[in-house]
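Colleague: I would like to learn how to read strand pairing and helix packing in a model. Please take one feature at a time.

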Amino acid sequence: MRHSIRIAVGPVQFRIGSDWAGPVAALGHLYAGYPQDDTRPADATVRLYANRPWRRWLRPSVHIGGDYIVPDALPLPLSMGLLAAEMGMNLQVALGWRRHLLLHASAVARDDRSVILSGASGSGKSTLAALLGESGWRLMGDEFTLIDPASGDALAFPRAVSLKNEAIAEVEARVGPARLGPLLAGTPKGDIRHLIPRADAVAAMHEPVRPALLLFPQFGGAPAIERIGQGEAFVRLTEASTNYIALGEAGFAALTRLVRETPAFTIAYPDSATGMSLVEQLWALAPR
Amino acid sequence: MADPAYRAAGEGMLRIEPLGELAAIFDRRSQQTHLVTQPMPEILAALAAGPCDAAGLAARLADSFDLDGEGDAAAILTERLQELTAMGLVEPV
């Protein structure tokens with residue numbers, strides 16, 4: 001690879017190689033404030049490559065490769081190289097990580113205790129976490145949360161937050177342009193703009209946090225909070241985990257412990273302000 | 001046809017974790033997770049004493065459950081035992 005960069009996000013050390021300078025420079029900007037440890041071996045390798053050499057120049061399109069590949073992933077135009085890098089990083093972690101139970105969930109923390117928000121795309125978990133991260137909470141991650149099978153603690157994965165569509169304006173109103181990446185308009189996922197997490201959240205990324213609340217947000221509809229049982233939380237989280245099966249009994253033990261020790265709720269909310277207020281409301285009642 | 005007797009998984013093969021009203025069962029042989037409700041964990045526990053048929057199981061469970069009408073209980077337990085068999089958690093002897 002002609003251009004490359006190493007990035008540490010939480011416990012994962014990435015090596016990203018690219019046929020083009022652009023995506024690597026964009027990553028360099030987003031991750032400039034992250035701690036660097038070039039002596040650590042990479043856990044995951046992402047490659048962004050042109051499928052034919054001349055494609056680097058003529059209508060360049062980015063293919064995503066690495067330790068794991070998705071054969072039918074569409075190539076992206078070079079202008080979306082940053083999105084390709086993000087997708088590649090997610091893919092390597094989702095398919096390759098074995099040290100922790102990986103939940104497709106965002107998370108925030110306060111006073112050494114965390115709120116884990118699990119939901120599908122469109123549930124608003126990423127936006128809620130980003131906004132809470134600007135309102136007195138430590139952002140742990142907008143996409144993945146890792147559970148340590150030995151301790152039961154949650155570990156942060158604070159990659160640059162992938163803001164989509166309406167969430168972009170909500171966050172732009174709160175943070176300066178220096179903390180935002182370029183606007184990627186009209187990607188297959190809509191408009192995307194990355195938010196660099198606050199420096200204190202990045203500095204604290206290796207500090208494990210005890211889970212205190214499990215929330216399953218649902219964007220849209222009247223505000224509602226519903227307590228759910230341990231069994232339902234268990235089923236939802238097995239579906240939200242990309243490596244539950246691969247971890248075998250260690251994953252089973254980690255997940256049963258998590259749902260037994262952590263109260264779980266679904267929340268429905270019509271807008272971000274209401275969502276944030278529901279999180280604060282449940283937080284005030286959470287057992288300490 | 002006489003009711004078959006059923007045998008529980010060998011000792012240590014299943015890890016059963018109660019989760020409120022449900023129980024999660026990890027089968028160490030297949031590495032599969034099953035989520036079950038009452039009376040599945042109780043049936044597995046009762047079978048640990050040794051293989052038996054549905055009527056025998058009803059008698060064992062009568063101590064801890066209020067089973068009305070032994071015949072009905074045995075018929076219901078037969079269904080549950082067939083479901084546990086399908087999950088691979090018990091097997092006919």
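Modeller: Two strands pair if DSSP finds at least two bridges between them. Helices (H or I, at least four residues) and strands (E, at least two) are DSSP runs, numbered from the N terminus. This is a predicted model: local features need pLDDT of at least 70, side-chain atom pairs count only at pLDDT 80 or more, and totals for chains, interfaces and linings use all residues. Residues are numbered from 1 along each chain as its sequence is written, while chains are lettered from A and ligands numbered from 1 in the order in which they are written.

Colleague: Which residue of E4(A) is the bridge partner of A:Tyr49?

Modeller: Strands of a sheet pair through backbone hydrogen bonds, either parallel or antiparallel. Here A:Tyr49 is bridged to A:His63 in E4(A). Strand E3 (residues 44-49) of chain A and E4(A) run antiparallel, joined by four bridges. E4(A) also pairs with strand E5 (residues 76-77) of chain A, again antiparallel, over two bridges; there the partner of A:Val62 is A:Leu76.

Colleague: Which residues form the covered face of E4(A), and which the uncovered one?

Modeller: In strand E4 (residues 61-66) of chain A, the covered face has A:Val62, A:Ile64 and A:Gly66. A:Ser61, A:His63 and A:Gly65 make up the uncovered face.

Colleague: In what order do the strands of the open sheet in chain B lie?

Modeller: The order is E2-E3-E4, three strands with antiparallel pairing. Strand E2 (14-19) and E4 of chain B are at the edges with a single partner strand each, so one side of each has no neighbour in the sheet. On average, neighbouring strands are turned by 20° against each other, direction ignored. Strand E3 (residues 22-27) and strand E4 (residues 32-37) of chain B share six bridges; B:Ala24 is partnered by B:Leu35, and B:Ile25 by B:His34. Four residues lie between E3(B) and E4(B) in their hairpin, and B:Gln31 in the turn has a positive phi of about 65°.

Colleague: How many residues of chain A are in contact with chain B?

Modeller: Two residues are in contact if their C-beta atoms, placed from the backbone, lie within 7 Å. Twelve residues of chain A contact twelve of chain B. Helix H6 (230-240) and helix H8 (249-261) are the elements of chain A that give two or more residues to its side.

Colleague: At what angle do the axes of H1(B) and H2(B) cross?

Modeller: Two packed helices are described by the angle between their axes and the distance between the axes. Axes are lines fitted to C-alpha atoms, for helices over the stretch in contact, and angles run from 0 to 180 degrees between N-to-C directions. Helix H1 (residues 40-47) and helix H2 (residues 54-62) of chain B have axes that come within 10 Å and cross at roughly 105°. That makes H1(B) roughly perpendicular to H2(B) (the class for 65 to 115 degrees; under 35 is roughly parallel, over 145 roughly antiparallel, the rest oblique). B:Glu42, B:Ile43 and B:Ala46 of H1(B) make the contact with B:Leu57, B:Arg60 and B:Leu61 of H2(B).

Notes: A residue is buried if 20 or more other C-beta atoms lie within 10 Å of its own, exposed if 12 or fewer, and partly exposed in between; C-beta atoms are placed from the backbone.
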